[in-house]
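This briefing is meant for a reader who is meeting the structure for the first time. It begins with the place where two chains meet and then turns to the build of one of them.

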Amino acid sequence: MAMVINEEQQMLKESAQGFLAEFAPIGEVRKQRDAGSETGYADNLWSQMADMGWAAILVPEAYGGLEFGHVGMGQIVEQSGRTLTASPLFSTAILGVTAINQAGSEEQKAELLAAIAGGELTTALAVDEKIHHAPTEISLTASAKGQGYVLNGSKCFVADGSTADKLIVAARTSGDAGDINGISLFLVDRTVAGVEVERTQMVDCRNYANINFNNLEVPQSALLGDEGRGFQALSATLDVGNAYLAAELLGIAQQTFDTTLQYLKERKQFGVLIGSFQALQHRAAHWWSEVELCKSVVLKALQALEKGDDNSPLLVSIAKAKLCEVAELATNEAIQMHGGIGMTDEYDIGFYIKRARPAAMLFGDYSYHGDRFALLSGY
Amino acid sequence: MADLQTFRCETRDWLEENCPPSMRFPITNSDDSCWGGRNWIFKSEEQKQWMERMAARGWTAPDWPAEYGGGGLNKAETKILKEEMARINARSPLDSFGIWMIGPALLKFGSEELKQQHLPPIIRGEIRWCQGYSEPGAGSDLAGLQAKGEDKGDHFIANGQKVWTSYADKCDWMFCLLRTDFEAKKQMGISLVLFDMATPGVTPKPIKLISGNSPFCETFLDDVRVEKNQVVGDLNKGWTIAKYLLTHEREMIGGFGLTDAGSETLGQIAAKTVGVEEGRMNNPLLRADVLKWEIDGAAFALTAERVTDEVKSGHGVGATSAMLKYYGTELNKRRYELMMKIEGSDAMVWDGANSNGGWTPRTWLRTKGNSIEGGTSEVQLNIIAKNILGLG
């Protein structure tokens, strides 16, 4: 597959640019924050996105979706990184669709995927239990009881966890924390008794939650996939999620670069434009070079996932690790090159650094993916 | 597409039949490369066979026009040939500044007469070329060059000193930048000329590098006769061609950052040398450096691929050669710093059977020049800042 986007994907990218500029520009982030928004986005945003077809992009045609693929969806997510647009797109249309499509029964897929594609159902993926990503370290238990299960334990850093209709919960039905076998996925309504959701205030002003499950009884039908064999679907979902987090970070790295480059061409000190200083030119040129590398790893990871390549996990970890590194460089350089104004809340650059870190941390940062890349490479 | 599939099958069969077994290993020693030329002594019968067989098909220069002896392949076919060669680890049949640099310049700027004269012997590996660009007083500021060509009617008389001339002592012809208009502004009075290294007055003198090897020379020009018909393009317009050639050179040197197909990766070498327990390399700090290099190396290789695909599909400006040169050479320096750490005290051995003649330390030292030759890293960053980012 040539490493370029095709005409249809280009059209989707342009339509995303237009939509986001009109309905969810960077100013919207400030507005939502200042209003103390529960969700992090405007009330009608998700229905507008669903009308654009974005909720259905990854849903197979057989379940009423567009089946347009990861490279196309990646264009939207990259653009939403440029505008820092929060929405249920990631947790629902990407993670939810992938987990249900990977693990769900025909009945579950038919019902849930159609509901997501129509913009009627939102989901959140609850994986981690400690401060660092560790998808095999699942301690939350699901014990068999009668025809169903009882869930006990807690989850943290659940993106969209305080707003989603349904939670997809990684639980342990056998084995010990650290085992790949014995992990099962459950679909749980967020608002039922036994689910205690505490919204956490995070640096990016999006909604996340810590969630306790206290003797929550669920029926057999809540199980997503086979009991004890949920890790494969979970891992595949995390790979998809990480590729899109890398795409979002790419949008952030590019937008902060564009904004900073513009500033270098406007700001004068010592009577000249600061962009005429070689000390800044070389740093800008290095930063630009790093962003070029980032474009390649993100596109490659999305293409590999779209084709179902065996080396997708490796390519996803390359992309996420590289983007964690470069998004950190980009947001730090953006503030430094802006000088004092970059430190002010009034200026937008601050929103980018505050989104870049949680996006990097979610589902594994540089250390996690660097380690995973090496393990997959045999060292 | 069906045609390309046929081409792939035929190419695969032909390579299978014609690429000798000993030519199917990655090059681990600079002596393994085949440079051709009048003075070339083939290292083996198979090296000779491989070069001659490929040259006969024009595949030493696969995308050059068939009328000059090139392969006449289009971009898609050239890519297939590269892929099929990589598939069997076939090494390059001929390394050549003729193919990489002066050939493309002649195809773009040269007269029909010059193309007919010079391209076929380049393709056949009969004439080895060197580049006369830098001078003692003109390094990063190349356009400040002083070697001059005085007009003597039907010829020029060249005088001056060139430096960093690759393998000048082993080469047959030089493409050389001379100042031919002494009044004009510095970029405007330069011409690109060609002459035989056997011409009286041409004296190459090898320079010994910190690696102990001498891949470069100083070349002294004392009253060297250069024929008028050996000027490439227009007189005094050589700077345009020089810049075009520098772009090629940057791309070539930037390629040093790529791991050759079939070669062991840095991670594999490190794992084998340092040892692995429970899936992780024994030295955690070295492991962190190695994996970071491998991630950057993969990202760089994918970028080289993406840039090629973007140019081929005709959209996107793509990353420029300056970025590839900058990043690739810095990457290659990092790679050999890590190789030194991986191989420990063995890497300190300058000479000896166990260290392959000191290959690791000598290559490590040689890579220090990667970010200097063909325009320093700092010059590449200047080019990116000015030409791409518009910072003045």
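**Where the chains meet**

In this predicted model, contacts link 30 residues of chain A with 34 residues of chain B. On the side of chain A that touches chain B, the elements giving two or more residues are helix 7 (231–264), helix 8 (278–307), helix 9 (312–338) and helix 11 (366–376) of chain A.

- Helix 8 of chain A supplies the largest share of the side of chain A that touches chain B, with 13 residues.

**Overall build of chain B**

- Chain B contains 11 helices and 10 strands, and its C-alpha atoms fill a box of roughly 75 × 50 × 45 Å when this is taken along the principal axes.
- The radius of gyration of chain B is 22 Å, which agrees with the value near 21 Å that a compact globule would have, because that expectation follows from a length of 392 residues.
- Of the 392 residues of chain B, 40% count as buried.
- When one takes the contacts in chain B between residues at least 6 apart in sequence, 70% of them join residues that are at least 24 apart.

**Domains of chain B**

- Chain B is divided into three parts, namely domain 1 (2–95), domain 2 (129–232) and domain 3 (243–388).
- A separation of 24 Å lies between the C-alpha centres of domain 1 of chain B and domain 3 of chain B.

**Strand 5 of chain B and its partners**

- Strand 5 of chain B, which spans residues 190–196, is mostly covered, since 6 of its 7 residues are buried.
- Strand 4 (residues 173–179) of chain B runs antiparallel to strand 5 of chain B, and 7 bridges join the two; within this pairing, B:C176 has B:V193 in strand 5 of chain B as its bridge partner.
- Strand 5 of chain B is also joined to strand 8 (residues 231–232) of chain B, again in an antiparallel arrangement, by 2 bridges, and here the bridge partner of B:L192 is B:V232 in strand 8 of chain B.
- Taken together, strand 5 of chain B is bridged to strand 4 of chain B and to strand 8 of chain B, while being mostly covered.

Definitions and conventions
Residues are numbered from 1 along each chain as its sequence is written. Chains are lettered from A and ligands numbered from 1 in the order in which they are written. This is a predicted model: local features need pLDDT of at least 70, side-chain atom pairs count only at pLDDT 80 or more; totals for chains, interfaces and linings use all residues. Domain bounds come from an automatic or database domain assignment. Two residues are in contact if their C-beta atoms, placed from the backbone, lie within 7 Å. Helices (H or I, at least four residues) and strands (E, at least two) are DSSP runs, numbered from the N terminus. The radius of gyration is taken over C-alpha atoms; the globule rule is 2.2 Å times the number of residues to the power 0.38. A residue is buried if 20 or more other C-beta atoms lie within 10 Å of its own, exposed if 12 or fewer, and partly exposed in between; C-beta atoms are placed from the backbone. Two strands pair if DSSP finds at least two bridges between them.
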